Amino acid sequence: MLETVKYLLGSAGASGYGSRSTAEQVTESSPDLRHITAIITGATSGIGAETARVLAKRGARLVLPARSLKAAEDAKARIVSEFPDSEIIIMALDLSSLTSVRNFVSEFESLQLPLNLLINNAGKFAHEHAISEDGIEMTFATNYLGHFLLTKLLLNKMIGPAAATGVQGRIVNVSSAIHGWFSGDTIRYLGEISRSGSDYDETRAYALSKLANVLHTKELARRLKEMDANVTVNCVHPGIVRTRLTREREGLATDLAFLMASKLLKTIPQAAATTCYAATHPRLVDVSGKYFADCNETLPSKLGSNLSEAARLWSASEIMVSKSSTAIFDPSSQLEY
Ligand SMILES: NC(=O)c1ccc[n+]([C@@H]2O[C@H](COP(=O)([O-])OP(=O)(O)OC[C@H]3O[C@@H](n4cnc5c(N)ncnc54)[C@H](OP(=O)(O)O)[C@@H]3O)[C@@H](O)[C@H]2O)c1
């Protein structure tokens with residue numbers, strides 16, 4: 001109850017920020033990001049577009065991968081019209097395709113740029129059941145598996161420059177509080193919904209993908225620490241905001257749901273604040289493996305805090321990106337996850 005009142009009032013937490021803080025406000029303590037090269041996925045609209053706008057305002061060089069180059073050009077043009085000196089590179093990337101992720105990374109590597117900041121923000125909330133070209137349920141493939149491979153392939157691009165320059169690399173995974181709605185066996189449920197014709201609960205599938213973002217953060221943080229890499233990873237819940245995320249279910253029912261929740265809704269600049277806080281704030285140097293909401297550290301769900309579950313999902317993901325989904329979903333498979 002007290003937490004809800006604090007949220008509604010926008011009271012500042014331990015970080016000095018709260019639910020009403022905006023991305024511009026939380027980056028005031030990092031006014032000069034000209035030494036930073038950042039990749040932000042899903043920057044063509046919503047939270048990612050505002051994140052990109054504010055990081056460009058602070059001088060970061062941006063690489064904006066998108067599945068529609070036209071949408072990315074439009075996003076770039078909007079930022080450049082406001083900040084003419086910004087340096088923005090756009091590239092093709094469809095996160096639901098592992099081949100597209102590999103192609104994007106090769107293209108990025110050919111630019112010979114360092115990478116200091118990776119913001120895994122893109123997301124979808126599929127209304128209809130669909131399977132990706134790699135045999136994985138589409139929401140999971142887009143929100144988690146594509147980002148898992150992207151991060152894995154880019155990691156050396158972050159670790160090297162961080163060691164050479166001393167500028168700590170940061171990875172931010174955009175999750176959601178809805179990750180706490182998932183209970184059950186993650187890999188078994190993913191196997192079920194990755195079969196065509198299976199029963200499909202779109203909200204449970206979305207919650208699973210967002211739980212996977214949290215578990216990815218936990219296990220990656222552990223591995224980075226083990227490697228003594230000068231790179232951190234954290235995940236965030238941006239808050240609830242009306243964006244194009246609900247584009248597949250527009251209509252009266254959605255309008256009503258947003259109307260009823262209107263007191264809890266954030267604006268897009270407020271929703272981009274926690275990402276920008278985790279991406280840039282000087283207070284978070286060496287902070288890794290944490291979950292943030294309203295620009296303050298908080299606890300993820302019990303399952304999201306389970307390190308064995310994080311390691312289990314990591315092992316299954318390695319197989320999914322290296323071979324094919326059948327290796328883990330085939331009931332006759334000897335693999336036990
Ligand atoms: N809105 C909320 O209330 C809320 C709450 C909690 C968490 N989140 C999370 O916040 C993040 C941003 O969502 P948003 O609300 O800003 O939604 P949005 O406006 O729909 O933005 C989603 C972005 O992801 C991109 N994207 C979708 N599928 C992609 C794919 N296959 N490959 C590459 N890019 C793809 C979209 O690009 P296109 O232009 O090509 O569609 C768009 O740029 C998501 O991870 C979402 O789960 C949102």
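This is a predicted model: local features need pLDDT of at least 70, side-chain atom pairs count only at pLDDT 80 or more; totals for chains, interfaces and linings use all residues.
1. Leaving aside residues up to four places away in sequence, Leu62 touches Ala38, Ile40, Ala52, Leu55, Ala56 and Ile88.

2. Helix α4 (residues 69-82) has 14 residues and, at 1.5 Å a residue, should span 20 Å; the end C-alpha atoms of α4 are 20 Å apart, which agrees.

3. Which residues of α4 are buried? They are Ala72, Ala75, Lys76 and Ile79. Seen down the axis of α4, these buried residues fall within an arc of 100°, so they line one face of the helix. An α-helix has 3.6 residues a turn, so residues three or four places apart point the same way.

4. The buried residues of α4 pack against α3, β2 (61-66) and β3 (88-92). On the face of α4 turned away from the buried side lie the exposed residues Lys70, Ala77 and Ser81.

5. The ligand has 30 residues around it, of which Gly42, Gly46, Gly123, Ser176 and Thr243 come nearest. By class, this shell comprises 11 nonpolar, 15 polar and four charged residues.

6. Both α3 (46-57) and α6 supply at least two residues each to the shell around the ligand. The most comes from α3, which gives three residues.

Definitions and conventions. Residues are numbered from 1 along each chain as its sequence is written. Two residues are in contact if their C-beta atoms, placed from the backbone, lie within 7 Å. A residue is near a molecule or strand if its C-beta atom, placed from the backbone, lies within 6 Å of it. Helices (H or I, at least four residues) and strands (E, at least two) are DSSP runs, numbered from the N terminus. Ala, Val, Leu, Ile, Met, Phe, Trp, Tyr, Cys and Pro count as nonpolar, Asp, Glu, Lys and Arg as charged, and the others, Gly among them, as polar. The expected span of a helix is 1.5 Å times one less than its number of residues. A residue is buried if 20 or more other C-beta atoms lie within 10 Å of its own, exposed if 12 or fewer, and partly exposed in between; C-beta atoms are placed from the backbone. The arc is that of the directions from the helix axis to the C-beta atoms.
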